[in-house]
Amino acid sequence: MLKLIVKNGYLVDPSQNLEGKFDILIENGVVKEIDKNILVPEAEIIDADGLIVSPGFVDVHVHLRDPGQTYKEDIESGSRCAVAGGFTTIVCMPNTNPPVDSPSVVKYILGKAEKLGICRVLPAGAITKGRKGKELADLYALKEAGCVAFTDDGSPVMDNSLMRRAMEIAVELDTVILDHCEDDKLAYGAVNEGEISALLGLSERDPSAEDIQIARDGILAHYTGARVHIQHLTTSFGVELIKYFKDKGVKITCEVNPNHLTFTEKEVLRSGANARVNPPLRKEEDRRKLLEAVREGFIDCFATDHAPHAPFEKELVEFASPGIIGLQTALPMALNLYREGVISLKRLVEMFTMNPARILGLPYGTLKVGSPADITIFDVNKEWVLNEETNLSKSRNTPLWGKVLKGKVIYTIKEGRVVYKDN
Ligand code: DOR
C-alpha cells in the first residue's frame with residue numbers, strides 16, 4: 001500500500017474550516033488522516049515546514065488549444081503549466097478546432113489527459129453547434145461523454161431563447177452554464193472604451209456590453225432555476241448586478257481573472273497586445289470595485305482564463321488575438337492581494353479550491369478524509385521570474401513576462417502522486 005505523509009506544513013483547508021500545523025497521511029491516493037505529528041514508519045515523507053499546504057487548486061477557465069491550435073498550447077504543455085501553478089483540476093474551454101460540440105472531441109480530450117496523468121482535465125462543452133450561436137449543441141450527449149459544464153466562451157450566446165433553453169437543459173442535467181458576457185454588437189473592439197482607446201485611436205469594448213449580458217443571464221437563471229456562472233467579471237456595475245441577483249436567491253456565481261485585479265486599461269501602454277484580453281482590462285474604479293467584492297466574498301473564485309497565443313498573433317493591439325496566459329502566475333498575483341491585506345489566506349485558498357469545485361458540483365478542492373489527495377504546497381515569499389527557463393507554456397503572452405513574482409508552488413500532488421516539484 002502506497003503511503004505518503006505531508007509533514008510540518010501549515011494547512012489551510014476552508015472546506016473543513018481547518019487552519020494550523022497538521023500532518024496529512026495519504027494512502028492509495030486518498031486522504032487517510034489529518035492530525036498533529038502522524039508517525040507511520042514505512043511512509044514516504046514530504047517536509048512542508050515553512051510552507052502552506054492546501055487542497056489542490058481548481059481552475060474553471062482554461063484554454064488548452066487542443067485539438068487544432070497546438071502551436072499555442074496542447075493538453076500536455078497546458079497540464080504541465082497547470083500543476084506548476086498548483087492546479088490539479090482544470091476545466092478546458094470549447095473554442096478549439098474542431099470545437100467541443102461533439103462527444104468525439106470530448107473523448108479525445110479526456111483520453112489524452114488521462115493517458116498523460118498530469119492534471120485532471122475536464123472539458124466544458126459548447127452551448128451551440130460550432131459555437132456559432134444559432135442552434136443548440138446536443139448537451140445531453142456532451143454531458144454523457146464527460147462535459148462538466150457548458151459555455152460558448154470566447155463568444156457570447158446572444159440569442160435569449162437559445163440561452164433560456166440551454167439553462168432549462170442544464171437544470172435537467174444538474175450542470176452549470178458558464179457564460180462569456182459581452183454583447184458582441186457593443187463589444188467589437190480591442191480595448192476598454194475610455195481614455196486609452198481615445199489616446200491610441202483603438203476600437204472599443206463598451207463595459208455596458210458585459211453588464212447587459214450579466215443582467216440577461218441573471219433574469220434567465222431566475223426564471224429557469226439554472227445555475228449560471230459569470231466568467232471573467234470586469235465591471236463595477238457587473239459586481240452590483242451579481243450582488244442583486246445573489247440577494248434574490250438566484251443561483252448565480254462569478255469568477256475574476258487575477259489580471260483584472262492587478263492591471264487597468266493603462267497596461268496597454270506598457271505591454272501592448274500582451275495586455276489585450278476579452279473582456280478588456282478596465283478602469284481603476286472597476287479594479288477597486290472588484291477588489292472590494294473579492295474581499296466581501298461576492299466573487300466566488302479566481303479563474304485564470306489561461307489564453308495562450310503565438311507571438312505573431314500578438315503583434316498589433318488592434319488585430320491581436322485576445323488573451324493572457326495565467327496558470328503559472330495566478331498564485332503569486334493572488335498572494336499580492338494577501339500581502340496587501342485585501343484578503344486572508346483562508347479566503348485566497350477558498351477561491352482557488354472549495355468554491356470552484358462547488359460551482360462545478362465536483363468532489364475536489366477539499367482534504368476531508370476520504371477525498372482524493374490533491375494537494376498544493378506553496379511558499380508565500382519565494383521570488384522567481386517568469387522567463388524561458390521557468391515558463392512551461394508554449395506561449396508567453398503576459399504583461400508579467402520577465403517580471404519578478406513573489407509566491408511559488410513547491411509541490412503539487414494529484415491523487416497522492418507528486419506531479420510537480422519545484423527545483
Ligand atoms: O481574451 C480572451 N481570450 N477572452 C476569451 O474569452 C477567449 C480567450 C481565447 O480563447 O483566447
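This briefing covers the ligand site and the pockets of the structure above. The model is predicted.

**Ligand contacts**

- There are 14 residues around the ligand, and Arg 65, Asn 95, Asn 278, His 309 and Pro 322 come nearest.
- The shell around the ligand divides into 3 nonpolar, 8 polar and 3 charged residues.
- An N or O atom in the side chain of His 180 is 2.9 Å from an oxygen atom of the ligand.
- His 309 also places a polar side-chain atom 2.8 Å from an oxygen atom of the ligand.
- At Asn 278 a polar backbone atom is involved, 2.8 Å from a nitrogen atom of the ligand.

**Largest pocket**

- The volume of the largest pocket is about 240 Å³.
- Its lining has 16 residues, with His 63, Asn 95, Gly 154, Asn 278 and Pro 322 nearest the pocket centre.
- By class, this lining holds 3 nonpolar, 9 polar and 4 charged residues.

**Second largest pocket**

- The second largest pocket has a volume of about 190 Å³.
- Residues that line the second largest pocket include Leu 2, Lys 3, Leu 4, Ile 26, Asn 28, Glu 44, Glu 415, Arg 417 and Val 418.
- The lining of the second largest pocket is made up of 4 nonpolar, 3 polar and 4 charged residues.

Notes
Residues numbered from 1 in each chain as written. Predicted model: local features only at pLDDT ≥ 70, side-chain atom pairs only at ≥ 80, totals over all residues. Heavy atoms only, no water. 1 Å grid on protein atoms, 1.4 Å probe; cavity = no way out; pocket = protein on both sides within 12 Å on 5 of 7 lines; lining within 4 Å. Points joined across faces, edges and corners; volume = space filled by probe spheres on them. Nonpolar A, V, L, I, M, F, W, Y, C, P; charged D, E, K, R; others polar. Near = heavy atom within 4 Å. Polar contact = N/O pair within 3.5 Å; in protein donor to acceptor, adjacent residues only side chain to side chain.
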